[in-house]
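This report describes a single protein chain.

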Amino acid sequence: MKKTFLLPAITILLASCQSKQEYDATGIFEATTVTVSSETSGKILVLDIAEGDSVNIGQNVATIDTTLLVLQYKQLRSQQSSTEQSSPDIAAQAAALRTQIAHQQSECARISRLLTDGAATQKQSDDANAQLNVLRGQLSALLSTLGKNRGSISDNALALQYQKEQIEEQIAKSSIISPITGTVLLKYAEAGEFATPGRPLFKVADLNNIYLRSYFTASQLADIKIGQKVTVIADFGGNEQFEYPGKITWIAQESEFTPKSIQTNDSRANLVYAVKIAVKNDGRLKLGQYGGVRL
């Protein structure tokens, strides 16, 4: 009777061991997720998404109030226009001196002719040339001053232009765009709440293309390589399993301790290497679901 009782038990135990050995490694299905945060401050006017909704890359899913930013932009535009109009007209302001210089040059030439004819003295010639040099010095100083003023005004106008561009960028960032095509996993805010830079608004993930993060022992590394085709088995509980074609896309360069939720064929292996296996999701695979790998 004892032998008859033990045989079924042994059979069940062996079957259990074989089911555990059918996987070369196990892991959890994951996806690349993106947490979209606000990049500016203001009241959330629109956040027209719900958890589970599908969004497309570039889709405008939220809008933050830009009233204050628009007013700041208008103020800067007015300041820039006023600053540019205050720039001196160098040609106009130097015109009078240039006219005096031209007249003085003619006077110097006239006195020089008179000096040659003996009708003028050397002192008169020297005084005329000295006056010409004074006028030229005044023109040079005026041009230098006006040039510096114009340069300073141009720098101020350029600084205001940069501030305008910053405001324009903030206004553009007030429209929240989905960075990827995927599914909204979590929603952290609602319309009517106040957004601040860095505040998470929602989390989105591409659930069509997910991967199984599995763990292999050092002794198994010789049997795997990037680009290798493998079979991924998704476990839905009970005897319900589905197989998917997978492709190894990444192998960790450093080992780590085996996560508590992961089993390996060699229970003595404390250090394992994480491996990502890309899988095309048919809609049944869920994040956090357990799966196995068969090489």
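The model is a predicted one. Leu285 is placed in the loop between E14 and strand E15 (290-294).

Neighbours within four places in sequence aside, Leu285 is in contact with Phe29, Ile210, Ala234, Phe236, Tyr244 and Val279.

## Overall composition

The protein contains 4 helices and 15 strands. Of its 295 residues, 30% are buried. Among contacts with a separation of 6 or more, 76% are between residues 24 or more positions apart.

## The nonpolar cores

The largest nonpolar core has 19 residues, of which Phe29, Val232, Ile248, Val275, Ile277 and Leu285 touch the most other members. Two or more residues of this core come from each of strand E1 (25-30), strand E10 (209-217), strand E11 (229-235), strand E12 (241-251) and strand E14 (271-280). Another core, of 15 residues, lies apart from it and includes Ala62, Ile176, Ala189 and Phe202.

Residues up to four places away in sequence not being counted, Ile277 touches Ile210, Tyr211, Leu212, Ser214, Val230, Val232, Gly246, Lys247, Ile248 and Val293.

Ser214 lies in strand E10 and is buried, its relative accessible area being 0%. Outside the four places on either side in sequence, Ser214 is in contact with Ala25, Thr26, Gly27, Tyr273, Ala274, Val275, Ile277 and Val293.

Asn209 is also found in strand E10. Residues up to four places away in sequence excluded, Asn209 touches Val279 and Lys280. The C-alpha atoms of Asn209 and Gly182 are separated by 9.5 Å, and the two residues are 27 residues apart along the chain.

## Packing of H3 against H4

Helix H3 (residues 90-117) packs with helix H4 (residues 122-173) at an angle of about 165 degrees, and the axes are 9 Å apart. H3 is therefore roughly antiparallel to H4, since angles over 145 degrees fall in that class. The crossing of H3 and H4 is left-handed. The residues of this contact comprise 14 nonpolar, 11 polar and 3 charged.

## Packing of H2 against H4

Helix H2 (residues 67-85) and H4 cross at roughly 165 degrees, with axes that come within 9 Å. H2 is therefore roughly antiparallel to H4. The crossing of H2 with H4 is left-handed.

On the H2 side, the contact involves Leu69, Val70, Gln72, Tyr73, Leu76, Arg77, Gln79, Gln80, Thr83 and Glu84. These residues meet Ile153, Asn156, Ala157, Leu160, Gln161, Gln163, Lys164, Ile167, Glu168, Gln170 and Ile171 of H4. By class, the contact of H2 with H4 has 9 nonpolar, 8 polar and 4 charged residues.

Key:
Residues numbered from 1 in each chain as written. Predicted model: local features only at pLDDT ≥ 70, side-chain atom pairs only at ≥ 80, totals over all residues. Heavy atoms only, no water. Axes fitted to C-alpha atoms, helices over the stretch in contact; angles between N-to-C directions. Parallel < 35°, antiparallel > 145°, perpendicular 65-115°, else oblique. Left-handed = near helix turned anticlockwise from the far one by under 90°. Nonpolar A, V, L, I, M, F, W, Y, C, P; charged D, E, K, R; others polar. Core = buried A, V, L, I, M, F, W, Y, C linked by side-chain atoms within 4.5 Å. Buried < 20%, exposed > 50% of the residue type's maximum accessible area, 1.4 Å probe, protein only. Contact = heavy atoms within 4.5 Å.
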